[in-house]
Amino acid sequence: MKARLLFATAVVAQLVVLYWPSAPELGPLVPFADKIVHVAVFGVAVWTGRRAGIPVWALVVIFGVHAALSELLQDRLLDDRAGDRGDLVADLAGIALGSVLPRTRVGYRGAERGTEPGSMGSGTTNREGRDDR
């Protein structure tokens with residue numbers, strides 16, 4: 001349930017960022033800030049979608065289509081925004097990044113008891129000879 005809420009939040013944030021009537025001006029403070037934001041909003045959406053159990057192929061297809069469509073809509077419907085091929089490339093880079101990042105924290109699998117880092121694994125005994133499971 002928590003993963004689904006996180007995914008929904010990421011998608012809403014992505015929609016706000018992409019379809020806000022005018023993009024914020026960051027000026028020369030952060031070079032390529034717009035591209036970094038595009039990579040981030042698509043990467044986080046795909047990554048949280050994976051954590052929510054959505055198949056990677058579905059996320060790649062859906063967000064890939066949305067990346068192209070969002071640039072077209074920005075260019076045609078939003079007066080203060082413009083479609084940009086560089087943004088599309090950044091969107092696709094975010095999708096790729098989100099699809100390959102680990103679904104869980106690095107080094108923690110947590111699916112089975114006894115698989116946490118530093119554990120001896122399931123079926124081992126502790127110092128007193130009792131089963132750790």
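Modeller: A crossing of two helices is left-handed if the near helix is turned anticlockwise from the far one by less than a right angle, and right-handed if it is turned clockwise. By that rule the crossing of α2 and α4 is right-handed, while α1 passes α2 in a left-handed crossing. This is a predicted model, in which local features need pLDDT of at least 70 and side-chain atom pairs count only at pLDDT 80 or more, whereas totals for chains, interfaces and linings use all residues. Residues are numbered from 1 along each chain as its sequence is written, and side-chain values use heavy atoms, with hydrogens and water left out.

Colleague: Why are α1 and α2 called roughly antiparallel to each other?

Modeller: Helices are DSSP runs of H or I with at least four residues, numbered from the N terminus, and α1 covers residues 2–19, α2 residues 33–51. Their angle is about 155°, with the axes 8 Å apart; angles run from 0 to 180 degrees between N-to-C directions, and axes are lines fitted to C-alpha atoms over the stretch in contact. Under 35 degrees counts as roughly parallel, over 145 as roughly antiparallel, 65 to 115 as roughly perpendicular and the rest as oblique, so α1 and α2 are roughly antiparallel.

Colleague: What makes up the contact of α2 with α4?

Modeller: Contact means heavy atoms within 4.5 Å, and on the α2 side the residues include Phe42, Gly43 and Trp47, which meet α4 residues including Ala93, Gly94 and Gly98. The contact residues divide into nine nonpolar, six polar and five charged, where Ala, Val, Leu, Ile, Met, Phe, Trp, Tyr, Cys and Pro count as nonpolar, Asp, Glu, Lys and Arg as charged, and the others, Gly among them, as polar.

Colleague: How do you know whether glycine 43 is buried or exposed?

Modeller: Buried means under 20% relative accessible area, exposed over 50% and partly exposed in between, with a 1.4 Å probe and protein chains only; glycine 43 has 9%, and is therefore buried. Glycine 43, found in helix α2, touches Gly94, Ile95 and Gly98, not counting residues up to four places away in sequence.

Colleague: How do you know that the span of α3 agrees with its 22 residues?

Modeller: The expected span is 1.5 Å times one less than the number of residues; for α3, residues 56–77, that should be 32 Å, and its end C-alpha atoms are 30 Å apart, which agrees. Among the buried residues of α3 are Leu59, Phe63 and Ala67, and what covers the buried residues of α3 includes α1, α2 and α4.

Definitions and conventions:
Helices (H or I, at least four residues) and strands (E, at least two) are DSSP runs, numbered from the N terminus.
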